[in-house]
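User: I would like to go through this model with you, starting with its sheets and then turning to its cores. Could you put it on screen?

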Amino acid sequence: GAVIGILGGGQLGRMLSVAASRLGLRTHIFEPSANPPAADVAHQLTTASYEDHDALRAFAATVDVITYEFENIPTSALDVLESLRPIRPGREALRVSQDRLTEKTYLAELGLKTAPFANVENAEDMEKAVAEIGTPSILKTRRFGYDGKGQSRLKSTEDAAQALADMAGAPAVLEGFVNFSHEVSVIGTRSADGQVACFDPGENVHRDGILHTTTVPARLSAGQRMDAVLMTANILNSLDYVGTMGVELFVTPEGLIVNEIAPRVHNSGHWTQNGCAVDQFEQHIRAVAGWPLGDGKRHSDVVMENLIGDDMERVGEIALETNAALHLYGKADAKPGRKMGHVNRVQVAAKG
Ligand code: ATP
Ligand code: MG
Ligand code: MG
């Protein structure tokens with residue numbers, strides 16, 4: 001069988017490996033840190049840095065195709081790998097999503113609605129941006145931000161200097177604050193031959209900047225649901241994308257506003273593991289392996305809850321619940337803010 005190379009051995013790499021394994025495929029994980037969550041389910045593991053180009057070449061030699069679980073792969077590593085094996089999703093998706101300014105510009109040029117945004121690299125930019133966008137607004141670091149890290153909120157123009165100082169010289173974008181009623185995301189997959197399949201949109205609730213729950217179905221009208229899926233297909237097609245992507249959307253009375261995209265399987269798609277016969281991880285593996293996509297139809301309603309830090313103290317109780325599927329990542333220390341696992345509470349229709 002084919003071997004799928006995966007850059008990154010966190011929980012997403014772990015669940016991708018499990019999905020590959022179920023399809024009779026093998027995975028080889030490349031991960032700089034020791035004992036990552038994916039280590040015990042991958043068929044092969046390379047522990048080396050992305051600067052170690054010999055290790056990257058040796059890794060590539062053992063795999064048929066290369067994919068990844070995170071978007072911040074150094075460009076130099078991608079240059080080495082790209083000459084050896086196909087990278088799916090391709091470089092364009094990474095180029096666009098590694099930098100919030102590039103990403104927002106790309107999405108806006110596609111004709112999708114975004115929050116108003118402006119580039120901020122210095123005090124002069126900041127002054128112009130605040131004059132243009134106003135407050136409330138959010139200053140976000142252009143690169144490496146996740147779980148709400150690298151963001152600073154401006155309630156009024158007086159907060160501008162502090163927000164800029166919070167970026168510590170890193171390039172940022174100022175975004176107008178969107179008065180959304182709720183947040184949803186679409187997990188979509190595109191196959192190598194251009195087939196697109198989207199899962200039902202999920203409704204996301206964050207706590208302390210980190211995803212707390214995803215509920216399906218999301219509160220959306222039929223029109224909004226259609227819009228969310230069409231926007232996602234538009235992004236997938238225009239990037240000539242191969243694999244699974246997460247698209248985060250704000251719901252407003254004026255329509256759906258795209259917040260950000262993730263060129264990978266997404267935390268808000270974990271509900272698919274127990275709500276669909278074919279989940280986001282299997283869809284991704286099918287796509288990168290050149291298979292046709294599966295049917296991503298939702299067979300049950302699900303509430304996914306992330307288990308973060310000391311939420312792990314409740315695992316014993318959760319384990320006793322009916323129709324609650326636990327997914328634990330095998331991480332040793334439950335530090336505050338650390339994603340340790342999730343539980344999918346499945347609403348099974350009563351029969352008989
Ligand atoms: P993730 O972990 O999803 O990658 P992130 O650090 O990249 O998060 P965002 O998704 O951009 O950050 O923002 C985190 C959350 O902050 C959003 O889900 C939303 O709740 C809120 N938020 C972000 N941008 C805006 C905005 N322009 N207006 C209102 N709320 C926003
Ligand atoms: Mg993000
Ligand atoms: Mg986000």
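User: Which strand order does the open sheet with antiparallel pairing have?
Analyst: Please note that this is a predicted model. The order in that open sheet of four strands is β5-β8-β6-β7, and the pairing is antiparallel.

User: Which are the edge strands there?
Analyst: They are β5 (117-120) and β7 (151-154), each of which pairs on one side only. From one strand to the next, the twist averages 20°.

User: Over how many bridges do β5 and β8 pair?
Analyst: Strand β5 and strand β8 (residues 172-176) are joined over four bridges in the antiparallel sense. Within that pair, Phe 117 stands opposite Glu 175 in β8.

User: Which strands does helix α5 lie across?
Analyst: Helix α5 (residues 100-109) lies across β5, β6 (137-141) and β8, and it runs at about 45° to β8. Helix α6 (residues 123-133) also packs on the sheet, where it touches β5, β6 and β8. The direction of α6 makes about 170° with that of β5.

User: Now the sheet with parallel pairing. What is its strand order?
Analyst: That open sheet of four strands has the order β3-β2-β1-β4.

User: Why is one side of β3 and of β4 left without a neighbour in the sheet?
Analyst: Both β3 (44-46) and β4 (65-68) stand at the edges with a single partner strand each, so one side of each has no neighbour in the sheet. Neighbouring strands of this sheet are turned by 25° against each other on average, with direction ignored.

User: How many bridges link β2 and β3?
Analyst: Strand β2 (residues 26-30) pairs with β3 over three bridges in the parallel sense. Phe 30 stands opposite Thr 46 in β3. As for the helix here, α1 lies across β1 (3-7) and β2, and it runs at about 160° to β2.

User: Let us move to the largest nonpolar core. Which residues touch the most other members?
Analyst: Of its 60 residues, Ile 4, Leu 16, Val 247, Leu 249 and Ile 285 touch the most other members. Helix α1 (residues 11-22) supplies the largest share of this core, namely five residues. At least three residues come from each of domain 1 (3-87) and domain 3 (182-347).

User: What is Leu 249 in contact with, leaving aside its neighbours within four places in sequence?
Analyst: Its contacts are Val 184, Ser 185, Ala 228, Leu 256, Ile 257, Val 258 and Asn 259. There is also a second, separate core of 17 residues, which includes Ala 115, Val 120, Ala 129 and Ala 172.

User: Strand β15 next: is it mostly covered or mostly open?
Analyst: Strand β15 (residues 301-308) is mostly covered, with six of its eight residues buried.

User: And which strands pair with β15?
Analyst: Strand β12 (residues 210-216) pairs with β15 in the antiparallel sense over four bridges, and Thr 214 stands opposite Met 304 in β15. Strand β17 (residues 339-347) also pairs with β15 in the antiparallel sense, over eight bridges. In that pairing, Asp 301 stands opposite Gln 347 in β17.

User: Lastly, which residues does the UniProt annotation "domain: ATP-grasp" cover?
Analyst: According to the unreviewed UniProt entry, that annotation covers residues 104-289. Over residues 104-289 the chain is 29% helix and 33% strand, and the end C-alpha atoms are 30 Å apart.

Key. Residues numbered from 1 in each chain as written. Chains lettered and ligands numbered in written order. Predicted model: local features only at pLDDT ≥ 70, side-chain atom pairs only at ≥ 80, totals over all residues. Core = buried A, V, L, I, M, F, W, Y, C linked by C-beta atoms within 7 Å. Buried ≥ 20, exposed ≤ 12 C-beta atoms within 10 Å, placed from the backbone. Helix = DSSP H or I, 4+ residues; strand = E, 2+ residues; numbered from the N terminus. Domains from an automatic or database assignment. Contact = placed C-beta atoms within 7 Å. Pairing = 2+ DSSP bridges. Axes fitted to C-alpha atoms, helices over the stretch in contact; angles between N-to-C directions. UniProt positions renumbered as here; feature names shortened; annotations may be inferred.
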